[in-house]
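Colleague: I'd like to learn how to read a model like this one, feature by feature. Could you walk me through it?

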Amino acid sequence: MAASAPPPAEPPPPAIPPASTAPTEDGEVEAGATPPRTSALGTANWGTATLVGVFAGLLYGGSKEASASVSKDAEVMLKMGSTTDKREQYRLMRDAMEKRFIRVAKGSLVGGIRLGMFTATFFGIQNLLIENRGVHDVFNIAGAGSATAAAFGLILPGSPMWRARNVLVGSALGAGVCFPLGWIQLKLAEKANLEMASSKPTDLAGEQGNQSGVGAAIERLGRSLKK
């Protein structure tokens with residue numbers, strides 16, 4: 001009698017990949033969710049910072065040209081006083097207003113573009129350093145300021161030696177200015193974060209007290225209606 005064949009081996013169960021976790025609003029973790037990417041303490045959004053820089057440059061450039069055109073307006077007033085022809089006075093006033101509008105508009109555009117480019121470059125380099133180093137500290141801010149000042153010193157007009165000098169001076173000046181400012185910014189952000197964290201338990205206690213007061217009022221109203 002022939003020996004019976006052994007039973008076939010069962011296939012191994014398929015491997016289940018580990019599910020990623022992400023905290024919910026209550027602090028719990030849900031399976032299968034991607035953890036959110038939290039921004040480092042004291043960092044600003046690149047797009048928001050660039051828009052703020054553009055608008056600040058628009059205001060600065062426009063106000064600078066408007067204040068610089070005061071002397072030109074005085075010259076126009078002297079020319080208008082030297083003639084009695086109404087048409088000539090009207091023409092001088094119109095030409096002065098048109099030139100002033102063009103100067104203010106040009107100054108606003110140039111200031112907005114320059115400051116917007118500076119802000120975009122600074123925060124772009126800062127975010128790149130944060131991603132590569134994995135930590136946000138004062139050295140990221142100083143490095144971003146040094147690189148941004150060096151880049152803008154390189155694009156200034158002049159000879160190669162003059163541009164090299166601008167790069168060196170801008171790099172040192174950017175690092176020297178941004179290092180203390182970055183340290184102050186991080187300390188203020190850390191202090192604000194600690195104050196927000198300490199105020200949360202107080203707010204929760206106040207909300208619980210309000211909820212308990214509302215619940216007690218509802219219970220009293222229900223008992224009075226039953227009577």
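Modeller: Let's start with Asp95, which is partly exposed because its relative accessible area is 22%. For that label the value has to fall between 20% and 50%. Keep in mind that this is a predicted model.

Colleague: What does Asp95 form a salt bridge with, and how far apart are the closest N and O atoms?

Modeller: Its partner is Arg91, and the closest N and O atoms are 3.1 Å apart. Both residues sit in helix H3, four residues apart, or about one turn of the helix.

Colleague: Why do residues with that kind of spacing point the same way in an α-helix?

Modeller: The general idea is that an α-helix has 3.6 residues a turn, so residues three or four places apart point the same way. Arg91 itself is partly exposed, given its relative accessible area of 34%.

Colleague: Which residues are linked with Asp95 in a network of salt bridges?

Modeller: The network links Arg91, Arg94 and Asp95. In the Arg94–Asp95 pair, the closest N and O atoms are 4.0 Å apart. Arg94 has 40% relative accessibility, so it counts as partly exposed.

Colleague: How many salt bridges does a search of the whole structure find?

Modeller: It finds three. One of them pairs Asp137 with Arg133, with the closest N and O atoms 2.8 Å apart. Asp137 is buried because its relative accessible area is 19%, and the cut-off for buried is under 20%. Arg133 counts as partly exposed, at 42% relative accessibility.

Colleague: On to the nonpolar side chains. Where should I look?

Modeller: In soluble globular proteins, nonpolar side chains tend to be buried together. Here the largest nonpolar core has eight residues: Ala49, Phe122, Phe123, Val138, Ile141, Ala144, Cys178 and Leu186. Helices H3 (86–133), H4 (138–154) and H5 (160–226) each give two or more residues to this core. H4 has the largest share, with three residues.

Colleague: What is Phe123 in contact with, leaving aside its neighbours within four places in sequence?

Modeller: Phe123 makes contact with Ala44, Trp46 and Ala49.

Colleague: And how do I check a helix such as H4?

Modeller: Compare its expected span with the distance between its ends. At 1.5 Å a residue, the 17 residues of H4 should span 24 Å, and its end C-alpha atoms are 24 Å apart, so the two agree. Then look at burial: the buried residues of H4 include Asn140, Gly145, Ser146 and Thr148 as well as Val138 and Ile141.

Colleague: Is Thr148 buried or exposed?

Modeller: It's buried, as its relative accessible area is 0%. Leaving out residues up to four places away in sequence, Thr148 touches Phe118, Thr121, Phe122 and Ile125.

Colleague: Which residues form a nonpolar patch on the surface?

Modeller: Val169, Leu173, Val177, Leu181, Trp183, Ile184 and Leu188 do, with about 690 Å² of accessible area together. Val169 is found in helix H5, and at 44% relative accessibility it counts as partly exposed.

Colleague: Finally, how does the whole chain read?

Modeller: The chain has five helices and two strands, in the order β-β-α-α-α-α-α along the sequence. Of its 227 residues, 20% count as buried. Its accessible surface comes to about 17,200 Å², and 66% of that belongs to carbon and sulfur atoms. Among contacts with a separation of 6 or more, 58% join residues 24 or more positions apart.

Conventions
Residues numbered from 1 in each chain as written. Predicted model: local features only at pLDDT ≥ 70, side-chain atom pairs only at ≥ 80, totals over all residues. Heavy atoms only, no water. Core = buried A, V, L, I, M, F, W, Y, C linked by side-chain atoms within 4.5 Å. Buried < 20%, exposed > 50% of the residue type's maximum accessible area, 1.4 Å probe, protein only. Contact = heavy atoms within 4.5 Å. Expected span 1.5 Å × (residues − 1). Patch = residues over 30% accessible without salt bridge, like charges linked within 9 Å, V, L, I, M, F, W, Y side chains within 5 Å. Areas by Shrake-Rupley, 256 points an atom, 1.4 Å probe, with all protein chains shown as cover. Salt bridge = Lys/Arg side-chain N within 4 Å of Asp/Glu carboxyl O.
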